[in-house]
Amino acid sequence: MSTAKDGELKAARPWKAFRAGTRGDNPGGGLASTTADLLAWARFHLGDGDGLLRTDTLHGMREETVPLRGSTMGDGVGICWFRRPVDGVRTIGHGGSGNGQYAELHLAPEHDFAVVPLANSEEGYLFNQAVVRAAFEHFLGLTEKDPEPVPYDDTRAREVAGRYEIDAMNLDIATDGARLTLAVEIKPELRQASDADMPPDIAPAAMGFLPGDGDEYVLTEGTLAGQRGFFTRNAAGRVTGVDLGGRLFNRSAA
């Protein structure tokens, strides 16, 4: 579901990344599945390989191949899994989304535990994150909280304010002298040329820098509340890009 301009919910069409018959983007959102399917997949990964894979090969997929910086998804990537510590316990997971559809699959292997939330509205990301946290806390006693940003710094805020973009989206960071906000829009020319519904833009939402000098931030409100990312700099120390959800938006204007 998506929200129309009048605030009413409407069906988001198409909900798959591409129409039926176009398979090129299937790994990026062309699969449809169910809660039962995802839990069966989780059970396989919590097991010994069922004779299909050697146990050490299967469990080796959880091991870090690449570290992640300032990411909500975790502190490293295994093979198809994002690795994330929750209250001192190593968890693995992966999410997916289409137009108006959101899914999460998270495992705590040492507890033989998995949770799968699905949602069909543009608020689905926040709902799914809340369900995963509630399940970990209720069943395993593991508590996860968003990091707290440092107080607003006008000099630092003006240093990063500007427009950033990738091929399909614009990202605008702005300051009014009291708070810093982040907004994302699908490029207007792409939205205008599309003959199908496209996901809604993300309205300006408050964000704040995290402690330390790593140029990391966290969103504190809106549909992406809790989402973390970081800014990149060139050799001269000038801010040249911003990471959001694992995508690097390059700065195009201050």
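Author: Two strands count as paired if DSSP finds at least two bridges between them, and strands (E, at least two residues) and helices (H or I, at least four) are DSSP runs numbered from the N terminus. The model is predicted, so local features need pLDDT of at least 70 and side-chain atom pairs pLDDT 80 or more, while totals for chains, interfaces and linings use all residues. Residues are numbered from 1 along each chain as its sequence is written, and side-chain values use heavy atoms, without hydrogens or water.

Reader: Which residue in S17 stands opposite glutamate 165?
Author: Strand S10 covers residues 162-165, and Glu165 belongs to its uncovered face together with Arg163. S10 runs antiparallel to S17 (residues 247-253), and 3 bridges join the two. The S17 residue opposite glutamate 165 is asparagine 250.

Reader: What is the bridge partner of glycine 162 in S11?
Author: Glycine 162 lies on the covered face of S10, as does Tyr164. A hairpin through 3 residues leads from S10 to S11, and 4 bridges hold these antiparallel strands together. In S11, glycine 162 is partnered by isoleucine 173.

Reader: How many strands form the closed barrel?
Author: The barrel runs S10-S11-S12-S13-S14-S15-S16-S17 with antiparallel pairing. Neighbouring strands of this sheet are turned against each other by 35 degrees on average, direction ignored (axes are lines fitted to C-alpha atoms). The number of strands in the closed barrel is 8.

Reader: Is asparagine 128 buried or exposed?
Author: Asparagine 128 sits in helix H3 (residues 124-140). Leaving aside residues up to four places away in sequence, Asn128 touches Tyr102, Ala103, Glu104, Pro117, Leu118 and Ala119, a contact being heavy atoms within 4.5 Å. Because its relative accessible area is 1%, against a limit of under 20% (1.4 Å probe, protein chains only), asparagine 128 is buried.

Reader: Which element gives the most to the lining of the second largest pocket?
Author: This pocket holds about 350 Å³ of space; a pocket is an open set of points on a 1 Å grid where a 1.4 Å probe fits, with protein on both sides within 12 Å along at least five of seven lines, and lining residues have an atom within 4 Å of a point. Of its 18 lining residues, the closest to the centre are Thr72, Arg133, Glu144, Asp146 and Gly226. Strand S4 (74-77), strand S5 (82-86) and H3 each give two or more residues to the lining. With 5 residues, the element that gives the most is H3.

Conventions. Axes are lines fitted to C-alpha atoms, for helices over the stretch in contact, and angles run from 0 to 180 degrees between N-to-C directions. Buried means under 20% relative accessible area, exposed over 50%, partly exposed in between (1.4 Å probe, protein chains only). Grid points are joined across faces, edges and corners, and a volume is the space filled by probe spheres set on the points.
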